[in-house]
Amino acid sequence: MPQSNFELRRKLLQLEALYDVGRALNTLRPEPDLLEELMQRAVAVLDATIGFVFSIDDKMNVQHLFTFGIDMPTPSNVVLTEMPIKQVLSSREPRSISVPKFLGGPPSDLLIAPMISGENIVGILGVGGKEERGAKGVGSFVEDDLRFLSSLAAIGAAAIDNTRNYHRLDVIRESLQDENRNLRQRMLREYSDRLMVGDSPKMQRVIDLVARVADSQANVLIRGESGTGKEMVARLIHGNSPRKDGPFVAINCAALPETLLESELFGIERGVATGVEARPGKFELARGGTVFLDEVGDIPLALQAKLLRVLQEREIEKLGGRRRIPIDVRILSATHRSLEEMIESGSFRQDLYYRLKVVEIVLPPLRERKEDIPKLVRFFLDKYGKREGLRDVRITQDALQKLMRYSFAGNVRELENLIEGALALTTDPVIDSGDLLLPETTATTGGEELSNDLPKLDELQRRYVARVLAFTGGNMSKAAKILGIDRKTLYRMRAALSQNATSGENWDVH
């Protein structure tokens with residue numbers, strides 16, 4: 001029997017509605033918005049007088065609930081106790097049900113469809129009380145209406161599942177980002193060969209700041225005295241930045257005269273002078289990476305203007321060239337000088353200062369973080385003891401206290417060189433205060449003053465020979481071989497030094 005025009009129009013309306021809903025829900029939207037849109041579409045297309053929709057989680061708790069034409073139940077989980085809802089949840093099939101009341105409302109014919117994604121029910125969509133078009137009164141739902149509601153519920157289930165998956169991925173992404181930041185900070189703390197060993201509050205602030213600034217593209221000015229590890233910090237920033245796969249190009253601005261520094265930074269064109277070939281500068285060589293300008297405070301004033309133009313325009317001109325070359329670098333700089341005083345005296349440009357100092361990291365001198373000295377000593381003992389073939393290298397409390405009293409004008413670098421030198425000269429795995437050729441100071445932060453109790457040269461020689469003998473277990477042949485002398489010379493040396501010894505140290509056992 002041919003369908004009436006009304007039925008054809010109704011089916012066409014439902015198909016158009018499904019198409020529109022599919023397109024509307026194809027974008028990621030908050031779950032409440034999705035649910036409300038589904039209910040409104042179902043009510044409008046099916047001429048329903050009531051509507052309801054809710055989503056549930058894996059533990060069958062209602063997450064979001066919307067109603068139309070009926071009261072909102074409180075709490076939301078009350079809707080799960082309604083018999084029609086129980087039947088649909090149990091059967092997992094859409095149903096057409098007549099009920100005497102629903103959610104406290106009057107008798108009604110209901111269409112209810114589960115929203116199923118995979119094996120899980122993610123929600124329920126329902127309508128009731130069909131209104132007859134063109135006539136006053138209540139109509140009846142037909143089979144096509146239930147089919148439409150079921151299709152709408154299927155589209156909604158997919159959209160809800162996508163939204164939830166996206167939310168889960170977003171949570172995972174944020175968790176991974178947090179974990180990545182934590183790992184980066186942990187790696188920075190454990191970055192052993194970078195002179196960054198230390199647990200003092202001042203050093204921890206430096207390490208935390210390095211971890212935070214590494215991800216950005218901002219210029220960083222690193223300040224600190226000689227030997228505090230400014231280049232090591234610059235390498236840490238580069239090594240943990242998005243540019244880590246690019247080159248790290250360092251240049252000491254204090255080590256070159258002005259004309260040579262300009263060509264080193266920006267490059268030089270062929271023919272500028274007799275026999276000069278074209279070559280790229282540091283900014284070109286560092287494409288995609290980082291340029292580190294060490295001792296930036298020593299750049300001549302005329303060259304500062306050119307550097308400022310490079311920072312502003314992100315372009316360079318080679319020495320003797322006219323072509324502008326775009327650059328893609330991050331600029332890190334360092335200085336031990338007071339740039340503020342130089343600005344006051346007119347020897348450093350203020351505008352360049354602010355361009356370089358987008359972020360500032362100040363490294364504390366070793367005398368201001370003396371609590372880190374024992375850990376630094378342990379680190380250098382392990383590092384250089386292994387190189388010298390010494391096992392279980394230790395330092396006496398006397399020697400450590402001597403280091404703690406010293407002001408270390410050369411900072412960490414001076415401490416490292418001191419430990420390295422002591423281990424290079426000793427065959428004994430125990431470093432005592434006599435092995436540290438370090439002058440006592442009258443103050444922890446003042447100038448260095450030599451004390452009167454420094455060991456004499458023959459005393460140092462006696463100690464060294466004694467330690468070699470102890471190392472060989474008193475074997476004169478092995479000891480002479482280590483010392484690079486013959487046995488007769490060693491016998492004479494031991495006898496002469498024994499007569500001049502100032503202590504009762506045993507020559508055979510240390």
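Modeller: Happy to. To begin with the term we need, two strands count as paired if DSSP finds at least two bridges between them. Please keep in mind that this is a predicted model.

By that rule, five strands make up an open sheet, in the order E2-E1-E5-E4-E3, and their pairing is antiparallel. The edges are taken by strand E2 (62–68) and strand E3 (95–99). Each of these two has a single partner strand, so one side of each is left without a neighbour in the sheet. On average, neighbouring strands are turned by 20 degrees against each other, direction ignored.

Now take the pairs one by one. Strand E1 (residues 48–56) pairs with strand E5 (residues 120–130) in the antiparallel sense, over seven bridges. To find this pair on your screen, look for Ser-55, which stands opposite Gly-123 in E5. Helix H2 (residues 31–45) packs on the sheet and touches E1, E2, strand E4 (108–117) and E5. The direction of H2 makes about 30 degrees with that of E2.

Follow the chain from H2 towards E1 and you reach Asp-47, in the loop between the two. Asp-47 has a phi near 55 degrees, a positive value in a residue other than glycine.

E1 also pairs with E2: six bridges join these antiparallel strands, and Ile-56 stands opposite Val-62 in E2. The two strands form a hairpin with five residues between them. In the turn, Met-60 has a positive phi of about 60 degrees. The peptide bond that joins Thr-74 and Pro-75 is cis, with omega at about -5 degrees.

Now for the helix packing you asked about. Two packed helices are described by the angle between their axes and the distance between the axes. The axes of H12 and helix H14 (residues 411–425) come within 9 Å and cross at roughly 40 degrees, which makes H12 oblique to H14. Their crossing is right-handed. Among the residues that meet here are Phe-380 and Tyr-384 in H12, and Leu-415 and Ile-419 in H14. By class, this contact has nine nonpolar, one polar and four charged residues.

H12 (residues 373–387) also packs against helix H13 (residues 397–405), at an angle of about 120 degrees and with the axes 10 Å apart. H12 and H13 are therefore oblique to each other. Ile-373, Pro-374 and Val-377 of H12 make the contact with Leu-400, Leu-403 and Met-404 of H13. Those residues divide into six nonpolar, no polar and no charged.

Technical notes
Residues numbered from 1 in each chain as written. Predicted model: local features only at pLDDT ≥ 70, side-chain atom pairs only at ≥ 80, totals over all residues. Heavy atoms only, no water. Axes fitted to C-alpha atoms, helices over the stretch in contact; angles between N-to-C directions. Helix = DSSP H or I, 4+ residues; strand = E, 2+ residues; numbered from the N terminus. Parallel < 35°, antiparallel > 145°, perpendicular 65-115°, else oblique. Contact = heavy atoms within 4.5 Å. Nonpolar A, V, L, I, M, F, W, Y, C, P; charged D, E, K, R; others polar. Left-handed = near helix turned anticlockwise from the far one by under 90°.
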